[in-house]
Amino acid sequence: MKAADLFIKSLESAGITHIFGVPGEENLAMVESIRNSNIKLVVTRDEQAATFMAATFGRLTGRTGVAMSTLGPGATNLVTGVAYAQLGAMPLLVITGQKPIKKRKQGMFQIVDVCSMMRPITKLTETIVGADRVPTLVHHALRIAEGERPGAVHLELPEDIAEEESDMEIPAWQVPHRPVASPEAIKELVKAIEQAKSPVLILGAGANRKDMREELHAFIERTGIPFITTQLGKGSADERLETFLGTAAFSDNDFVHRGLAQSDLVLAVGYDYIEKPPAFAAAERRFVNINFYPAGIDEVWRPDYEVVGDIAATLRSVTARVDPQEWDFKYVPRLRKLMLEDTADQSTSGANPVKPQRLVRDLRAVLTDDAVVSLDNGMHKLWFARNYPAYQPNTLLLDNALATMGAGLPGAIAAKMLRPTRQVVAVVGDGGFMMNLADLETAQRLKLDLVVIILNDSGYGMIKWKQAGMNLPDFGLDFTNPDFVKLAESFGATGHRIQHTDGLKATIKQALGTGGIHIIDVPIDYSENQKLDAPALKARTQSRIITV
């Protein structure tokens with residue numbers, strides 16, 4: 001069969017169900033192969049959005065999300081989404097077309113060296129130079145994408161190779177078993193926990209990568225060891241548990257860091273050092289890396305020792321062997337109370353425009369436990385990371401790796417496709433929303449029920465916050481917005497504008513209870529950002545922590 005057919009059948013054999021993208025003439029053989037397959041082609045309005053959607057598929061399923069583009073400008077438009085997946089450890093395969101490589105007829109028209117461009121931001125990049133290579137190379141790429149640490153891979157299929165024929169058979173898809181930690185490493189970890197005076201858990205991105213909720217909760221219940229999460233680890237354990245001390249939205253000075261300061265042993269479960277670290281370096285504390293793979297070492301993240309292997313298996317083994325001790329957790333109830341009081345700040349009630357704390361609180365109040373919130377990057381991400389309690393894994397989708405704008409809406413579209421019976425809400429800044437708003441049409445075409453909350457401050461709010469923090473004048477970060485209600489209507493969606501804070505919760509609830517796409521324009525007052533300045537946080541936590 002043709003190489004294009006072999007490629008798609010190889011994807012099918014590995015369980016791939018969707019391909020996102022914007023095809024070009026160099027992909028037409030593959031498009032025809034998709035038409036004759038069981039794989040669903042989701043045509044997007046932008047290649048970048050396609051990679052965000054595919055990466056979110058990878059993030060939520062653990063299987064490789066697939067995106068495609070043509071050569072040249074299509075391929076260059078993939079780059080941000082590829083870097084998003086690579087830094088965020090989301091399995092992603094991007095397929096690009098290319099002009100014929102055996103006999104060119106158009107010189108260098110539209111040709112850039114795509115493999116060289118992709119090499120620094122992928123785990124694998126390769127041009128397919130013969131049809132016989134397709135079946136094994138496709139499976140090889142998928143295995144690399146999904147292997148720990150997951151990430152992005154890229155295959156280039158030239159137009160003439162796509163038409164080549166081959167009689168190669170497609171191998172059976174093999175799912176490798178994850179290795180488990182050695183008995184010696186488990187024994188050493190148990191000993192370290194039992195000998196500690198005040199251990200603490202940090203749950204990172206890896207704790208959300210595989211369903212290990214049962215193992216995490218069993219360990220926490222048996223030991224009573226308090227836990228914090230990184231931004232990418234939110235929801236890996238239920239944040240309503242009495243041992244939860246908050247999320248590390250910042251590097252230092254917050255309540256979670258006061259909890260870390262009480263500890264002498266930090267168990268970092270699934271921590272990925274691509275994340276902004278929560279003040280790790282401390283001579284008086286030991287750090288254990290419990291992860292699928294060995295730690296990357298730098299001047300910030302230097303674990304004292306490691307337990308490498310399947311995390312769920314490690315937790316099961318340790319829970320079965322560890323004997324709870326009389327650890328010093330006297331500080332936990334008081335610190336947790338202070339954290340909850342601070343993140344449930346009631347001082348914003350009735351204020352107008354909407355304060356970010358009120359938005360977070362009202363949204364959490366109307367959402368179900370398993371609802372998915374997809375965040376774009378911006379100031380609101382910090383407020384959600386710090387103030388929004390996540391109850392289930394991967395229910396607050398944020399990017400604390402590449403931290404790119406533009407991913408919130410595409411991520412929500414992918415999440416709703418995968419979780420059609422759940423509530424899905426995109427919370428985006430006006431800057432990030434305008435970067436990928438064209439894919440509202442994609443959501444409409446897919447007939448999705450989706451709520452998009454646009455935080456409208458007519459500027460790049462996070463950079464304004466940083467600018468003010470450096471005592472620089474307000475300059476260069478303002479813009480104007482369209483009428484978002486009319487914009488929604490032009491896409492066939494329903495538009496809402498919040499006139500007063502007291503109407504926010506009812507509007508969100510109404511939108512969630514009505515089918516179709518709802519766009520809610522929320523004027524946001526970011527003057528509250530000053531409460532997140534390092535000196536303000538430090539003063540607030542230090543003044544109250546004396547009684548802990």
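Q: Which helices each supply at least two residues of the lining of the second largest pocket?
A: Helix H15 (379-387), helix H19 (461-469) and helix H22 (534-545) do. A helix here is a DSSP run of H or I, at least four residues, numbered from the N terminus. This is a predicted model: local features need pLDDT of at least 70, side-chain atom pairs count only at pLDDT 80 or more, and totals for chains, interfaces and linings use all residues. Residues are numbered from 1 along each chain as its sequence is written, and side-chain values use heavy atoms, without hydrogens and water.

Q: What makes a residue part of the lining of the second largest pocket?
A: A lining residue has an atom within 4 Å of a point of the pocket. The pocket is an open set of points on a 1 Å grid over the protein atoms alone, where a 1.4 Å probe fits, with protein on both sides within 12 Å along at least five of seven lines. Here 25 residues line the second largest pocket. Phe250, Lys276, Leu382, Trp465 and Lys466 are the closest to its centre.

Q: What is the volume of the largest pocket?
A: About 710 Å³. A volume is the space filled by probe spheres set on the grid points, which are joined across faces, edges and corners.

Q: Which helix gives the most to the lining of the largest pocket?
A: H3, with three residues.

Q: How do the residues of the lining of the largest pocket divide?
A: Into eleven nonpolar, ten polar and nine charged. Asp, Glu, Lys and Arg count as charged; Ala, Val, Leu, Ile, Met, Phe, Trp, Tyr, Cys and Pro as nonpolar; the others, Gly among them, as polar.
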